[in-house]
Amino acid sequence: MQRKYGLFTAICLIVGTVVGSGVFFKAQNILNATGGNLGLGVLAWLLGGCIMIFCILAFSSMAQKYEKVNGLVDYAEAAVGPRYAYFMGWFSAVIYLPAMTGVLAWVSARYTLEFVTNTWPGFPMLIPAAEGGCIVGPECMALTLLYLVASYVMNALSPKLAGKFQTSTTVIKFIPLTLMAVVGIIVGLVAPAHQLTENFQVVGAAANGGGGKALLTAVCATAFAYEGWIVTTSINAELKDSKKNLPRALIIGGIIIAAIYILYYLGVAGGASVEDLMAKGAPTAFTNIFGKLGNILTLFVAVSCLGTLNGLMMGSTRAMYALSARKQGPKPELFGQVDPTSNMTTNSAVAGLLVCALWGVYFYVANLFGTMGGMVAFKGTALQSVAFAFDSSEIPIITMYAMYIPIFINWIRKEKDESPVRRFVLPILAIVACCFIVYACIVSKKMENFWYIIVFAAIMGLGALLKNSKKK
């Protein structure tokens, strides 16, 4: 591949890939997790950013070492072996990608309905936002499934259109982020109410059983917002002077992403009280600061989320094909077919849509049954404590961090010709970061982890039964 990207372009690719929808709706989760403690929330964003930066630095060494391979599964195969790489690919295809895709369909629907209800309060048959209509109402579920199918159709019938849509939404998503970060902080500090200063005085240390547990819960919430960085390590073969520019781009890009998230978080806090933000989310800050224009920004947020949904659907529709290309997984000859007209992996796309829909329905039901802060429809009833419910927007991502650890360990063990920094320092920092976020998940999620492990074990066991060991 031609080395056509410079340092600036690489930084833009990294920032554009990672910054997506998570910052918009996870900001509310972090406030709920910390009881409105802004300082603790900022610390959670910083820790999440450090975890991301340490891991992408370790993987950047692999990207430079294995310049002819592309993607996480290839790194897993080079460092650990083909069997581990298969299970990494199977996990991505059946849990990791579709779980995030289902969540993004719901987030897109939520912010779309927030825009509709704020613009037309009397819209027929639409449950008001204050009553949970934009979160768990039947309209939200219907629109979630519509977005899921529409994203699949666009990717399956016109991959080029899907690519153009992805590029357009990348630009759009920075409009609400930038405006809220700049204007929100200024208004929060200068306006007579001094809202930002007032919000920082809310301690909220009793949230989630204490400051330490609240922080760990908030760090888990940042995992979703920071996810997507692993894709950025695959640009090394197209980067000029990649041995120097890739680490630079990853460090600078990671710092920019963390800064954008923290500034947006502070900007939102400058536009509304902590109590309103915990109950209603960021749209209330948009409206308070920008008036009617604030509702237009909510629409931009919805479009941004649709762009992230489209990107994840791209990966989900090709996930089974990626396994079949290695002659592994169920029916490689079936899921490895490529349509001659659309040049799309049609059978793989159908399977991807089905799995995404299943995870989307599960996420919706888990919200109804009260596993997510601030989104409880049956609070105070017997259904709130229903078993077999876990947060599918965070735990699969943290599972991926756990699966990085063997890759880093084998890199240390095998790559004896690397410099001490690349062989020991970077992967050890990444291992510590991965262990920290796994520990945070264990402490904060409690029984959710137990129910998730049952599902994880069943799916991975099915993957073992369906594994096809034929050579290419």
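With which residue does Asp417 form a salt bridge, and how far apart are the closest N and O atoms?

Modeller: The model is a predicted one, in which local features need pLDDT of at least 70 and side-chain atom pairs count only at pLDDT 80 or more, while totals for chains, interfaces and linings use all residues. Residues are numbered from 1 along each chain as its sequence is written, and side-chain values use heavy atoms, with hydrogens and water left out.

Asp417 pairs with Lys65, and their closest N and O atoms are 2.8 Å apart; a salt bridge is a side-chain nitrogen of Lys or Arg within 4 Å of a carboxyl oxygen of Asp or Glu. This pair links distant parts of the chain, 352 residues apart: Asp417 lies in the loop between H18 and helix H19 (420-445), and Lys65 in helix H3 (residues 38-65). Helices here are DSSP runs (H or I, at least four residues), numbered from the N terminus. Asp417 is exposed, at a relative accessible area of 58%, whereas Lys65, at 30%, is partly exposed. The cut-offs are under 20% relative accessible area for buried, over 50% for exposed, and in between for partly exposed (1.4 Å probe, protein chains only).

The structure holds ten salt bridges. In another of them, the side chains of Arg326 and Asp74 meet at 2.4 Å, N to O. Arg326 is in the loop between helix H15 (292-324) and helix H16 (332-335) and Asp74 is in helix H4 (residues 72-79), so this pair ties together parts 252 residues apart in sequence. Arg326 counts as buried, at 19% relative accessibility. Salt bridges with shared partners also join Lys65, Glu415, Asp417, Glu418 and Arg422 into one network.

Technical notes: Helices (H or I, at least four residues) and strands (E, at least two) are DSSP runs, numbered from the N terminus.
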